[in-house]
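Thank you for making time for this. Before I start talking, please bring up the sequence and the structure so that we can go through them together.

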Amino acid sequence: MDVGRAAVEAVQQCTPFLRRTGIDVRLAVEEGHLAHGESSDVGFAIAHLLTNAAEAAAERSPGALAPSQPRRVRVAVTREGTAIHVSVDDSGRGVPPRSE
């Protein structure tokens with residue numbers, strides 16, 4: 001199963017939602033990173049992360065970022081040694097620090 005291909009397909013699956021929310025998606029995906037497993041399971045997990053990131057970017061707090069900055073989500077698939085890394089990050093406000 002090609003993890004990069006699964007990521008591309010997950011983004012394609014989420015495209016209608018991303019367009020409705022005005023999210024700018026960037027892919028840094030290298031294909032050819034093969035892993036054991038079901039591509040549908042990996043794609044489902046990536047689509048879930050992508051949807052969560054898009055919702056966070058769309059709901060960012062006013063003033064958290066300048067209005068001119070786009071709402072964005074970045075999906076990356078990279079290899080480090082024998083490990084394949086999938087990362088999804090967004091321009092949302094993030095998790096607030098704990099109050100103590």
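How near do the axes of helix H1 and helix H2 come, and at what angle do they cross? The axes of H1 (residues 3-21) and H2 (residues 39-58) come within 8 Å and cross at roughly 35 degrees, where axes are lines fitted to C-alpha atoms, for helices over the stretch in contact, and angles run from 0 to 180 degrees between N-to-C directions. Helices here (H or I, at least four residues) and strands (E, at least two) are DSSP runs, numbered from the N terminus.

A word on where the values come from. This is a predicted model, in which local features need pLDDT of at least 70 and side-chain atom pairs count only at pLDDT 80 or more, while totals for chains, interfaces and linings use all residues. Residues are numbered from 1 along each chain as its sequence is written, and side-chain values use heavy atoms, with hydrogens and water left out.

Now the overall layout. The protein chain has two helices and three strands, and along the sequence these follow the pattern α-β-α-β-β. Of the contacts with a separation of 6 or more, 70% are between residues 24 or more positions apart, contact meaning heavy atoms within 4.5 Å. Of the 100 residues in the chain, 25% are buried, and for burial the cut-offs are under 20% relative accessible area for buried, over 50% for exposed, and partly exposed in between, with a 1.4 Å probe and protein chains only.

Let me return to the helix pair. H1 passes H2 in a right-handed crossing, the term used if the near helix is turned clockwise from the far one by less than a right angle, with anticlockwise being left-handed. On the H1 side the contact includes Ala10, Val11, Cys14 and Leu18, and on the H2 side Ile46, Leu50 and Ala54 are among the residues that meet them. The residues of this contact divide into 14 nonpolar, five polar and one charged; here Ala, Val, Leu, Ile, Met, Phe, Trp, Tyr, Cys and Pro count as nonpolar, Asp, Glu, Lys and Arg as charged, and the others, Gly among them, as polar.

The next topic is the core. The largest nonpolar core has 16 residues, and those with the most contacts inside it are Leu18, Ile23, Leu50, Val73 and Val75. H1, H2 and S2 each supply at least two residues of this core, a nonpolar core being a set of buried Ala, Val, Leu, Ile, Met, Phe, Trp, Tyr and Cys residues joined through side-chain atoms within 4.5 Å. Not counting residues up to four places away in sequence, Leu50 touches Ala10, Val11, Cys14 and Leu18, and also Val73, Val75 and Val88.

How many salt bridges does a search of the whole structure find? The search finds two, a salt bridge being a side-chain nitrogen of Lys or Arg within 4 Å of a carboxyl oxygen of Asp or Glu. Asp89 pairs with Arg72, with the closest N and O atoms 2.9 Å apart, and this pair links distant parts of the chain, since Asp89 is in strand S3 (residues 83-90) and Arg72 in strand S2 (residues 72-80), 17 residues apart. Asp89 is partly exposed at 30% relative accessible area, and Arg72 is partly exposed at 31%. The other bridge joins Asp24 to Arg26, with the closest N and O atoms 3.0 Å apart, and Asp24 is partly exposed at 26%.

Leu34 lies in the loop between strand S1 (24-29) and H2, and at 59% relative accessibility Leu34 counts as exposed. Leaving aside neighbours within four places in sequence, Leu34 is in contact with Met1, Asp2, Arg79 and Ile84, and the C-alpha atoms of Leu34 and Met1, 33 residues apart along the chain, are separated by 5.3 Å. Gly32 is also found in the loop between S1 and H2, and is partly exposed at 45%.
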